[in-house]
Amino acid sequence: MSIRTKLSVHERPRVAIVGAGLGGLSAAIAIARSGCEVTVYEQASSLGQVGAGINLTPNVLLAMRELGLEQGLLERAFRPEHHVFRDFRSGRD
Ligand SMILES: Cc1cc2nc3c(=O)[nH]c(=O)nc-3n(C[C@H](O)[C@H](O)[C@H](O)COP(=O)(O)OP(=O)(O)OC[C@H]3O[C@@H](n4cnc5c(N)ncnc54)[C@H](O)[C@@H]3O)c2cc1C
């Protein structure tokens with residue numbers, strides 16, 4: 001049994017993705033790598049940082065590796081030595 005993952009130039013489906021957030025951009029990369037022609041539509045005039053940072057869990061890192069983004073991430077990210085989660089009402093760990 002063979003599974004076809006690449007399409008020929010003549011049969012490239014065109015895919016529209018609405019929203020250039022984490023989900024939309026990840027989907028765009030994955031779908032484009034399968035041979036589709038992807039266009040991402042974003043309502044914001046520019047993409048920028050929201051908040052102080054983003055915590056990537058192990059499964060996210062696996063997905064980033066699949067998308068070929070792991071090395072770039074590791075060059076820009078840092079590995080925290082510990083986390084402290086607090087209840088926002090009481091402030092207790
Ligand atoms: C304060 C905060 C901290 C967080 N911290 C973490 C964290 O540490 N780790 C973690 O894994 N997750 C974290 N999250 C969650 C994470 O940010 C979301 O799960 C993730 O951004 C969702 O991705 P998304 O692509 O679904 O949506 P979004 O990232 O929200 O992207 C949606 C995009 O679609 C665009 N859009 C919407 N409607 C239209 C339209 N009609 N036309 C065109 N464009 C449109 C929006 O402008 C936006 O750019 C945090 C969230 C918040 C709010």
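Select helix α1 first: its 12 residues should span 16 Å at 1.5 Å a residue, and its end C-alpha atoms are 17 Å apart, which agrees. (The expected span is 1.5 Å times one less than the number of residues in the helix; helices are DSSP runs of H or I with at least four residues, strands are runs of E with at least two, and both are numbered from the N terminus.)

Before you go on, know that this is a predicted model, where local features need pLDDT of at least 70 and side-chain atom pairs count only at pLDDT 80 or more, while totals for chains, interfaces and linings use all residues. Residues are numbered from 1 along each chain as its sequence is written.

Stay on α1 and pick Arg33, which is found in this helix. Then click Gly35, which follows α1 and has a positive phi, near 110 degrees.

Next, select strand β1, residues 14-18, and strand β2, residues 37-41. They run parallel and are joined by 5 bridges; two strands pair if DSSP finds at least two bridges between them. The number of buried residues among the 5 of β1 is 0, so the strand lies largely in the open.

Show α1 along with both strands and you have a right-handed β-α-β unit. (Right-handed means that, with the strands pointing away from you, the path from the first strand over the helix to the second runs clockwise.)

Now the ligand. Which residues come nearest? Of the 14 around it, those are Gly19, Gly21, Gly23, Gln43 and Asn55. (Near means a C-beta atom, placed from the backbone, within 6 Å.) Helix α1, residues 22-33, gives the largest share of this shell, 3 residues.

Finally, zoom out. The chain has 3 helices and 2 strands, in the pattern β-α-β-α-α along the sequence. Its radius of gyration, taken over C-alpha atoms, is 18 Å, well over the 12 Å that the globule rule gives for 93 residues, so the chain is more spread out than a compact globule. (That rule is 2.2 Å times the number of residues to the power 0.38.) Buried residues make up 1% of the 93.

Notes. Buried ≥ 20, exposed ≤ 12 C-beta atoms within 10 Å, placed from the backbone.
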